[in-house]
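Reader: Could you walk me through this one, starting with the overall fold and then going on to the rings?

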Amino acid sequence: MISQWQLRAAFAARLSEMYGREVPAYNTLVDVSREVNEDTLRAQGADAERLGSISRVTAERHGAIRVGTPAELRDVARVFGALGMRPVGFYDLREAAASAVPVVSTAFRPVDPQELARNPFRVFTSLLTPADPRFFDADLRSRLETFLAGRELFPPELLVLADRAEAEHELPEADAGRFLRLAVQAFELSAEPIDRAWYEELERVSAVAADIGGVRSTHINHLTPRVLDIDELYRRMTGRGIEMIDAIQGPPGWKGPDLLLRQTSFRALAEPRALRLADGSVTRGALRVRFGEVEARGIALTPAGRALYDRLLTLVDDESARRPTADRTEVARALWTAHVPATEHELGAQGLAYFTYHAAPDRPRNGTRPPATLGELTSRGWVRAEPVVYEDFLPRSAAGIFQSNLSGEGSRNTEREGAAYDSEWLSGAVEREVLDPYALYAHQRRLSIAQVGRELGLDLDGTHH
């Protein structure tokens, strides 16, 4: 029998192999990531593995896909449910981007720490919003919804196998092989000709809308390895002559602990596609939609930490607008250094980041009573604090990457009121609860504190001091 985590690991590996064949520059990205990780491990030793073992980091991938309807999203949830992946977080990219990105998104991922340690594969999944009148007028919306309703992204056999894997948490080997083959095929780039006039009509609204609603299938949009030093990776990729987007998205590189998520990518490449013209003839053309993203993961921030991050982003925007010639990265680094605690201990003490707590194996055994608060236990060496890795995404960074890989801005009618989508709406659409990332991190923290309390015979309430 093949268990869910083995299915997940095999799917991530096969998808990676398929994507490397389709987008060879992705293989370069993976190779350079591996080199940077090995060099970082050599230079930093155990510190390099503070946020996950090197084997986890090397195997780690996140993918991105885009679908058109709630029914398609429900099918996606079934396929990923087979792999032990649940929808976590709600991201509204419509509000996060300056150009037109008419999607709302969630990420499918494992939620149990053991499952994440085995294989943390996650897929950022975006859903088109045809009901938003800022992007689609009534006529285009109606034609788009008709087009989407007439396609089938996932064969029924795949969905039957997926439901079985989810219900039974495993599949017999032969069925597992069949499931993996069908699942990978569902995300391959189709050779079927694209109706050029229809694609271009959607592209005038948004290149993302055309990529979703202008074709009869879906495809993996990018696949992202994880790297320990993203600044070094950016330098090396550029050194190899690969055109990178202008900046690294997310927090700046600085002297303190890595926080949240930093991402960058190489620019979307022109890929040959068959295009059908109005007279029915087929011509060769090229579309730019797929790019190679890479990420560096940091510590998960609490709601208070996240509010600080968002406030600093606004300050960086304001300062950059005031001083247009200033280097934006330098502006961010200076603000960061001034406002963010520079040590893990301080981040924990101020309630800005999530940690799990573990009774130290070498704690005093001479009969002294342990102190009664978590803060003292940590500072006096009774308890070790381990940072919790940020497993999720940042809407502004995701939108920034989508945007920097688009050829045009698209169009948005700002006179119109946008359609309301939120986490609750998405839970209804996907027919599964969209989980709150903060609740997952807080739960991990609480469990670890309860365990420390049991081991040390203390009643700890979970507040730091």
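Author: Of the contacts in the chain (heavy atoms within 4.5 Å) with a separation of 6 or more, 76% are between residues 24 or more positions apart. This is a predicted model, in which local features need pLDDT of at least 70 and side-chain atom pairs count only at pLDDT 80 or more, while totals for chains, interfaces and linings use all residues. Residues are numbered from 1 along each chain as its sequence is written, and side-chain values use heavy atoms, with hydrogens and water left out.

Reader: How many helices and strands does the chain have?

Author: There are 19 helices and 14 strands, taken as DSSP runs numbered from the N terminus, with helices being H or I of at least four residues and strands E of at least two.

Reader: And what share of the residues is buried?

Author: Buried residues, meaning those under 20% relative accessible area with a 1.4 Å probe and protein chains only, make up 53% of the 465 in the chain.

Reader: On to the rings, how many aromatic pairs are there?

Author: The count is 17 aromatic pairs, where rings of Phe, Tyr and Trp (its six-membered ring) pair if their centres lie within 6.5 Å, and planes under 30 degrees apart count as stacked, over 60 as edge-to-face and the rest as tilted. One of them joins Tyr 91 and Phe 393 edge-to-face, at 6.4 Å centre to centre with 85° between the planes.

Reader: Where do those two sit in the chain?

Author: Tyr 91 belongs to strand S3 (residues 86-92) and Phe 393 to the loop between strand S14 (383-387) and helix H17 (395-404), so the pair ties together parts 302 residues apart in sequence. Both Tyr 91 and Phe 393 are buried.

Reader: Which charged residue lies over the face of Phe 393?

Author: That is Arg 297, at 5.2 Å from the ring centre; the rule asks for NZ of Lys or CZ of Arg within 6 Å of the ring centre and within 35 degrees of the ring normal. Likewise, the charged end of Arg 216 sits over the ring of Phe 147, 5.4 Å from its centre.

Reader: Changing topic, is Ser 448 buried or exposed?

Author: Ser 448, which is in helix H19 (residues 437-456), is buried, with a relative accessible area of 8%. Leaving aside neighbours within four places in sequence, Ser 448 is in contact with Thr 356 and Tyr 357, and a polar atom of the Ser 448 side chain lies 2.9 Å from the backbone nitrogen of Tyr 357.

Terms used:
Buried < 20%, exposed > 50% of the residue type's maximum accessible area, 1.4 Å probe, protein only. Polar contact = N/O pair within 3.5 Å; in protein donor to acceptor, adjacent residues only side chain to side chain.
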